[in-house]
Amino acid sequence: MNDGVVYFEKQKKIYPRSVKGRYRQLKWLAMSVLLGIYYAVPWIRWDRGPHAPNQAVLIDMPARRAYFFNIELWPQEVYFFAGLMVLAAVGLFFVTSLLGRVWCGYACPQTVWTDLFVAVETWIQGDRNARMKLDKSPLSLEKIWKKTLTHALWVVIALCTGGAWVFYFVDAPTLLDQIRHFDVSYMAGSWILGLTASTYIMAGYAREQVCIYMCPYARFQSAMFDKDTLIIGYDRERGDPRGKHKRGDSWEGRGHCIDCTQCVIVCPMGIDIRDGLQMECIACGLCVDACNDVMDKIDLPRGLIRYDTQKNYERRTLAQKTAVLFKSEINLLRPRTFYYIAIMTVISALMLFAFLNRSNVELSVIHDRNPLYVKLSSGDIRNTYTLKIVNKTREDRIFALEIDGLSPREISVAGAGAPQPDNLMVLANSVGTFRVMVVLEAGKAMRHPRHNLRMVVRDQEGFADEMETVFISEGVQ
Ligand code: SF4
Ligand code: SF4
């Protein structure tokens, strides 16, 4: 039954007008820096010696390693990634609590690429009015070439974006060479095409819809706001009652907003900030630039729309009513910001501690489960273990295996041509796997059903690690 409620509305295309001003400059700067970093980083080389890739930032999935300049992370250190994610999330909450949605307005990839796509569109098709006119006009040669060129450039940007992402996962010069020779692996090719398509659709078509309907962060970030958070707001006390104004007319009995709607037509989200703080507002500041420009032209003070805190807006209103002098105050230090700083400090300290204490050699021991033990014809008991020795250094290492807490009759490594237990060679930057058999005399074995022991691997330079395990003879008849 249709109860008059609209459940679905077709997307209305937004044609933001270009604007000049402080926040627009800041957005250009943020875009240049962020895109520059994104596209350039995979090309930075970093000499790690002969046994490691020379790409400064690389997530090498087949080798299961992540490289970040001098830092190399192994799969068992994935908790560093988890720590970084948590740190980034709390950092974002912290910044949001202080500066509102600056991430959304200046640094979010969706905002940055949409801005770039709109800049290309404006460059080729003209500003807001020209683009609207072009869209409404019938098919013509001019319309075809302008639209074709716009989409072609969008595809090139999207392709570079998808390609640059994949460069973080493989050696960038090698992949570029493969792309040039149309010899890309199926996996790399699918990622590049997938990311090209998603960038093209998200920045070319979906645009503000992503922020409004798809991004979960937009929904819950108001939980980080308080009355001291910087927001973009329209000063209603100063601006209303609004209305058209002719040069020379008095400002008595009316507000400073001349209802020119410049703040609305520059808004990439298509909203009117004069209606109050809205979930759609990404705090990009373009309406501030537009309104400041208008204020300059009509010789009124800037700041009818501005970044300010809820508290300042309220204090200003109160001051006007009570004729008290108003002084703007920004309160950065408040309990909420201290909580976030404390959480970030604890996480950073834990990560630093873990990082500084990470070992270059790691031993893991897995006791065979099936069978738990083997009774030999002599009556002795044999247990078998799988040892994995991780050698994170850049040199081949020879480890000697020792067993503490048990005096076995024999220790040997399984397999034809297997090394002696005191000669376990592990190549640089790799993992050595050895099947080690430990034989215990029947008499000693039968004394206890389980014997605790410690396996230790050590090389001549003192690189070592150890792990507790058990020798099992439980149930032997
Ligand atoms: S209302 Fe202003 S700050 Fe908010 S999205 Fe629109 S232009 Fe940006
Ligand atoms: S740009 Fe400023 S003066 Fe013009 S409508 Fe917006 S708030 Fe009013």
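The structure is a predicted model, in which local features need pLDDT of at least 70 and side-chain atom pairs count only at pLDDT 80 or more, while totals for chains, interfaces and linings use all residues. Residues are numbered from 1 along each chain as its sequence is written, chains are lettered from A and ligands numbered from 1 in the order in which they are written, and side-chain values use heavy atoms, with hydrogens and water left out.

**Ligand sites**

- Ligand 1 sits in the largest cavity, where a cavity is a set of points, on a 1 Å grid over the protein atoms alone, at which a 1.4 Å probe fits but cannot get out, and sitting in it requires that more than half of the atoms of the molecule lie within 2 Å of its grid points.
- The residues around ligand 1 include Cys-267, Cys-281, Cys-284 and Cys-287, together with Ile-232 and Gly-285, each counted if one of its heavy atoms lies within 4 Å of the ligand.
- By class, this shell has 11 nonpolar residues, 1 polar residue and no charged residue, with Ala, Val, Leu, Ile, Met, Phe, Trp, Tyr, Cys and Pro taken as nonpolar, Asp, Glu, Lys and Arg as charged, and the others, Gly among them, as polar.
- Ligand 2 sits in the second largest cavity, and among the residues around it are Cys-257, Cys-260, Cys-263 and Cys-291, as well as Asp-259, Thr-261 and Arg-274.
- The shell around ligand 2 divides into 9 nonpolar, 1 polar and 2 charged residues.

**Strands and their pairing**

- Strand β13 (residues 450–458) is joined to β14 by 9 bridges in the antiparallel sense, and His-451 has Phe-471 of β14 as its bridge partner.
- Strand β12 (residues 430–440) is mostly covered, with 8 of its 11 residues buried, where buried means under 20% relative accessible area, exposed over 50% and partly exposed in between (1.4 Å probe, protein chains only).
- Strand β8 (residues 381–391) runs antiparallel to β12 and is joined to it by 11 bridges, with Thr-386 partnered by Arg-435 in β12.
- Strand β10 (residues 410–413) also pairs with β12 in the antiparallel sense, over 4 bridges, and Ile-411 stands opposite Val-438 in β12.

**Local backbone features**

- Most residues other than glycine have a negative phi, and most peptide bonds are trans.
- Asp-259, in the loop between α11 and α12, has a positive phi near 55° and is partly exposed at a relative accessible area of 25%.
- Thr-261 lies in the loop between α11 and α12, with a positive phi near 60° and a relative accessibility of 31%, which counts as partly exposed.
- A cis peptide bond with omega of about -5° joins Asp-240 and Pro-241, and Pro-241 lies in the loop between α11 (236–239) and α12 (262–265).
- The peptide bond from Asn-370 to Pro-371 is cis, with omega near 5°, and Pro-371 lies in the loop between β6 (361–367) and β7 (374–375).

Conventions:
On a 1 Å grid over the protein atoms alone, a cavity is a set of points where a 1.4 Å probe fits but cannot get out, and a pocket is an open set with protein on both sides within 12 Å along at least five of seven lines; lining residues have an atom within 4 Å of a point. Two strands pair if DSSP finds at least two bridges between them. Helices (H or I, at least four residues) and strands (E, at least two) are DSSP runs, numbered from the N terminus.
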